Amino acid sequence: MPLGFASARWNNVSSHRRSQWHTFIDQTEVSPLKTVQTIEELRAEIRSARSAGKKIGCVPTMGALHDGHISLVESARQETDFVVVTIFVNPTQFAPHEDLSKYPRPLEDDLRKCADAGVDLVFNPHADTVYPAKDAAYVEVPACSTMLEGAHRPSHFRGVATIVLKLFNMVMPDIAFFGQKDYQQQLLIRHMVDDLNVPVEIRTCPTVRESDGLAMSSRNMYLSDADRQTALALSQALKLAHDACCADGKALVEARQAMLDHLARFPDIKLDYVVIADANTLSEVEHAVPEMVALIAARVGTTRLIDNMLISAAVQT
Ligand code: AMP
């Protein structure tokens, strides 16, 4: 049976019957996609995949999946034999005033996308499963938690490091896949894995953009039509900086000024930061180093967006 048929029928199943529906799908092997909510079920699936000699890939997400997430799945499928997508809106990385309660949770749609993308297992645990004891332990990665996003979202990276290490301990993947879109996040995870000797390889996959340049993000769905148009200024500004450095050989100060000048034309954009930084340390640089990254965080209307672009001899996606 084609997956699309299974997906269409999935839409018609009320939430209290989903677990039975999963069982039906699993027993008849209509779709290779399985979903589990508990750590015990997850570990049983992982054990069986490992005993079949499979290499495990993990793609951690908060759901509301788009083509950026799916590109991580595609990379995972190329390098590993059993792809686990985790879908968990992690409460500990949201500050009290942030969008935890309104964060989109289109689970049925997400499961259909996972099935279509050839995901083997979705782990979508309840918060109580992930955090049975509130704040009993957490992970701090001071090396890159305090600047940029960390300065504007003080407890954010503690929540990110904690959930990612927990997910690694639950899934025990060989390779985990993250997006360049969240540049500071992937750097933080690399530091954590290196310094805590976590036996997982980290891959960073290029940012997937809409055809007009807007970086795909689950939060883009908050944007009004007008805000979405305004939001294009972020990727345009990054491109200006990239071209100023890579094509025109301009000084970094001029490249950064080009970003600021462009963004200043949009009164509905409130900037948190606009920097050109060392791509390995995220320290702001005034003189060129071999690998740099331009990063912007800004509020467009009520929606906070981040984007970045590598600046080096190699042109970014
Ligand atoms: P999220 O669901 O926003 O936590 O993102 C889950 C993963 O998808 C993270 O590793 C993100 O960096 C990655 N991701 C989000 N948006 C994109 C994008 N536009 N292109 C590539 N990866 C992305």
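In sorting residues by class, Ala, Val, Leu, Ile, Met, Phe, Trp, Tyr, Cys and Pro count as nonpolar, Asp, Glu, Lys and Arg as charged, and the others, Gly among them, as polar. With these classes in hand, the shell around the ligand in this predicted model can be described as 7 nonpolar, 7 polar and 2 charged residues. Of the 16 residues around the ligand, those that come nearest are His69, Gly179, Asp182, Val208 and Met216.

Three of these names return when backbone atoms are examined. A backbone N or O atom of glycine 179 lies 2.9 Å from an oxygen atom of the ligand. For valine 208, a backbone N or O atom is found 2.8 Å from a ligand nitrogen atom, and for methionine 216 the distance from a backbone N or O atom to a nitrogen atom of the ligand is 2.9 Å. The protein buries 92% of the 490 Å² that the ligand exposes when taken alone. Two or more residues of the shell come from each of β2 (56–61), α4 (67–79) and β5, and α4 gives the largest share, 3 residues.

How far can the model be trusted along the chain? The mean pLDDT is 90, and 89% of the residues reach 70 or more. Among the elements, strand β5 (residues 175–179) has the highest mean pLDDT, 99, whereas helix α1 (residues 3–11) has the lowest, 32. Over residues 1–30 the pLDDT stays under 50, and the model has 33 contacts beyond four places in sequence for them. Residues 313–317 are also below 50, with 10 contacts beyond near neighbours in sequence. Where pLDDT is low, the predicted coordinates should not be read in detail.

Notes:
Residues are numbered from 1 along each chain as its sequence is written. This is a predicted model: local features need pLDDT of at least 70, side-chain atom pairs count only at pLDDT 80 or more; totals for chains, interfaces and linings use all residues. Side-chain values use heavy atoms; hydrogens and water are left out. pLDDT is the predictor's confidence in each residue, from 0 to 100. Helices (H or I, at least four residues) and strands (E, at least two) are DSSP runs, numbered from the N terminus. Contact means heavy atoms within 4.5 Å. A residue is near a molecule or strand if one of its heavy atoms lies within 4 Å of it. A polar contact is a pair of N or O atoms within 3.5 Å; within protein, one must be able to donate a hydrogen and the other to accept it, and residues adjacent in sequence count only if both atoms are side-chain atoms. Accessible areas come from the Shrake-Rupley method with a 1.4 Å probe; for residues, only the protein chains shown count as cover.
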